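Thanks for asking me to look this one over. Here are my notes, point by point, to read alongside the model.

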Amino acid sequence: MLSSQNNSITLDRPFVLESGATLSEVTIQFHTYGEWNEDRSNAIVVCHALTGSANVQEWWSGIFGAGRLLDPQKYFIIVPNLLGSCYGTTGPESIAPNGKPYLASFPTIAIRDIARANLALLDALKVDEVHLSIGGSLGGMVVLEMAAIAPERFRAIAPIAATGSHSAWRIAFSSTIRKTILAFDPTLQDRAKLLAGLRLARQSATISYRSSAEFDGRFGRDKYGLIFEVERYLEHQGEKIAERFSPYSYLTLTRAMELYDMTEQRGCIALAVEKITAN
């Protein structure tokens, strides 16, 4: 039984990526909440969004807790930090075989790599059946891919704000956001410059997460001194992300989202979706 809230495992073999590169060691940090029922049929797997972590009660408190969807009194909830992130699972900030952090040398990863790493975690935990897997944005893509790779394992899935591939519009936005970071330091060596780029990139990204109507209703043309309130809001979002997230992970994971195509090696989207048997 695993009921502690902070765990990690290291996979027992090198991890070959979709690109052909190999990570000699992969550690997955994850949180668990609740306990197994008698027949071990109450597992829920939660996949976080782009800059999330395994600590689901911090960022999804609205659906976590007694009487809510993610109820640790009813379910055994498993929340992995996703491959490529910076909250304990192997990613650009991890130590490479040469004894130094990977940083810019971390290989390109795919959504399918992240999904396979999560499935390896479920193997290690001996989770044969998942009652529900749920995730948003990046996490939603991972949920879709896990259910396509191992359909027999998932009874229900809830991919939220996710798709089988980015649209051209989303690629345009996402690639511009990444290039904003790179413009501050094309060499990817100066962390201070990259964090400055991340602050601005997050501001641009936040605009794409909100509608014009929401901004108008929430901020209008209100000012704080000479600065518009909407500017202050965006600058605050930029500062928050720079304080807690890695610019290298941001580049790695946004690129993985851009590259994702659920139809790859599966034909068309109809055939890809046919592989998913979960509700």
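1. A word on terms before the sheet: two strands count as paired if DSSP finds at least two bridges between them. Please also keep in mind that this is a predicted model. With that in hand, β1 and β4 (residues 27-33) are joined by four bridges and run antiparallel. Within this pair, S8 sits opposite Q29 of β4.

2. Stepping back to the whole sheet, six strands make up an open arrangement with mixed pairing, in the order β1-β4-β6-β5-β7-β8. The edges are held by β1 (7-10) and β8 (157-160); each has a single partner strand, so one side of each is left without a neighbour in the sheet. From one strand to the next, the twist averages 20°.

3. Now the other end of that order. Here β7 and β8 pair in the parallel sense, over four bridges, and G136 stands opposite I160 in β8. The chain gets from β7 to β8 by way of α3, and this β-α-β crossover is right-handed.

4. The largest nonpolar core has 65 residues, and the members touching the most others are L83, I111, I114, V142 and F154. Leaving out residues up to four places away in sequence, F154 touches L119, L122, V130, S133, M146, A147 and A278. There is also a second, separate core of 14 residues, I44, I77, V79 and A156 among them.

5. Is T90 buried or exposed? Buried means under 20% relative accessible area, and T90 has 6%, so T90 is buried.

6. What does T90 contact beyond its neighbours within four places in sequence? The partners are L23, E25, V26, T27, L83, G84, S85 and F106. One of these, T27, takes part in a polar contact: the side chain of T90 reaches the backbone nitrogen of T27 at 2.8 Å.

Key:
Residues numbered from 1 in each chain as written. Predicted model: local features only at pLDDT ≥ 70, side-chain atom pairs only at ≥ 80, totals over all residues. Heavy atoms only, no water. Buried < 20%, exposed > 50% of the residue type's maximum accessible area, 1.4 Å probe, protein only. Polar contact = N/O pair within 3.5 Å; in protein donor to acceptor, adjacent residues only side chain to side chain. Contact = heavy atoms within 4.5 Å. Helix = DSSP H or I, 4+ residues; strand = E, 2+ residues; numbered from the N terminus. Axes fitted to C-alpha atoms, helices over the stretch in contact; angles between N-to-C directions. Right-handed = clockwise from strand over helix to strand, strands pointing away. Core = buried A, V, L, I, M, F, W, Y, C linked by side-chain atoms within 4.5 Å.
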